[in-house]
Structures are given as C-alpha cells and as structure tokens.
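Dear colleague,

Please find below the structure that I am handing over to you.

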Amino acid sequence: MKADDIRRRIEEGIAGSVAEVSDLTGTGDHFEAAVTASAFEGRGLVERHQMVFGLFKPELATGELHAFTLKTKAPAEA
C-alpha cells in the first residue's frame with residue numbers, strides 16, 4: 001500500500017476528515033496516521049480507532065497492512 005492511498009481512503013470513508021499518513025519503514029505495510037474529523041466529536045479513543053481500522057479490514061486480515069499507528073482527534077482538540 002501507499003501512504004497516499006491510505007490517506008485517500010480515510011478521507012473518503014470518514015466525512016470531513018483530514019489525514020496525514022506516513023510510511024514508517026518504506027516497506028508499504030507499516031504506517032502512522034494522524035486523523036482529524038468532526039465525526040470523532042463525542043467519541044472515545046477506541047471508537048475513533050475502530051472507525052478508521054474498519055476501513056482497512058481486508059488489508060489488516062491478510063497482513064497487507066501489518067502495523068497501523070493512529071492518532072485521532074476532533075477539530076476542537078486540534
């Protein structure tokens with residue numbers, strides 16, 4: 001996978017979100033993402049992460065996406 005593909009999928013899958021994604025190892029399977037979205041307002045950390053991880057279930061299941069570190073926040077927390 002590529003960082004831009006992950007960013008695009010997050011921004012298309014979570015309305016109003018802005019994502020910054022980095023490939024941590026250059027191998028295309030270890031990423032870090034910082035996501036800001038109004039959809040996170042009033043939601044706990046686990047629920048926020050589930051929203052993002054849910055967009056990548058197939059890739060996480062097959063190992064195509066092996067490691068995915070998330071930082072999530074609502075706009076008011078930015």
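Arginine 7 is partly exposed, with a relative accessible area of 26%; buried means under 20% relative accessible area, exposed over 50%, and partly exposed in between (1.4 Å probe, protein chains only). Before going further, please note that this is a predicted model, in which local features need pLDDT of at least 70 and side-chain atom pairs count only at pLDDT 80 or more, while totals for chains, interfaces and linings use all residues. Residues are numbered from 1 along each chain as its sequence is written, and side-chain values use heavy atoms, with hydrogens and water left out.

Salt bridges

Arginine 7 forms a salt bridge with aspartate 4, and their closest N and O atoms are 2.6 Å apart. A salt bridge here is a side-chain nitrogen of Lys or Arg within 4 Å of a carboxyl oxygen of Asp or Glu. These two residues, arginine 7 and aspartate 4, lie three residues apart in helix 1, so about one helical turn separates them. Helices (H or I, at least four residues) and strands (E, at least two) are DSSP runs, numbered from the N terminus. Aspartate 4 is itself partly exposed, at 36% relative accessibility.

Aspartate 4 also forms a salt bridge with arginine 8, with the closest N and O atoms 2.7 Å apart. Arginine 8 has a relative accessible area of 35% and is partly exposed. A further salt bridge joins arginine 8 to aspartate 5, where the closest N and O atoms are 3.2 Å apart. Asp4, Asp5, Arg7, Arg8 and Glu11 are linked in a network of salt bridges. By this rule the structure has seven salt bridges.

Three strands form an open sheet with the order 1-2-3 and mixed pairing; two strands pair if DSSP finds at least two bridges between them. Strand 1 and strand 3 are the edge strands, each pairing on one side only. On average, neighbouring strands of this sheet are turned by 15° against each other, direction ignored. For such angles, axes are lines fitted to C-alpha atoms, for helices over the stretch in contact, and angles run from 0 to 180 degrees between N-to-C directions. Strand 2 and strand 3 pair in the parallel sense over seven bridges, and glutamate 32 has threonine 69 in strand 3 as its bridge partner. Helix 1 packs on the sheet, touching strand 1, strand 2 and strand 3, and its direction makes about 155° with that of strand 1. Contact means heavy atoms within 4.5 Å.

In the largest nonpolar core, which has 16 residues, Ile6, Ile10, Val52 and Phe68 touch the most other members. A nonpolar core is a set of buried Ala, Val, Leu, Ile, Met, Phe, Trp, Tyr and Cys residues joined through side-chain atoms within 4.5 Å. Helix 1, strand 1 (18–23), strand 2 (30–36) and strand 3 are the elements that give two or more residues to this core. Strand 2 supplies the largest share, three residues.

Helix 2 (residues 45–53) has Arg48, His49 and Val52 buried. Seen down the axis of helix 2, its buried residues fall within an arc of 95°, so they line one face of the helix; the arc is that of the directions from the helix axis to the C-beta atoms. The face turned away from the buried side of helix 2 carries the exposed residues Val46 and Gln50. Helix 1 (3–13) and strand 3 (67–73) are included in what covers the buried residues of helix 2.

With kind regards
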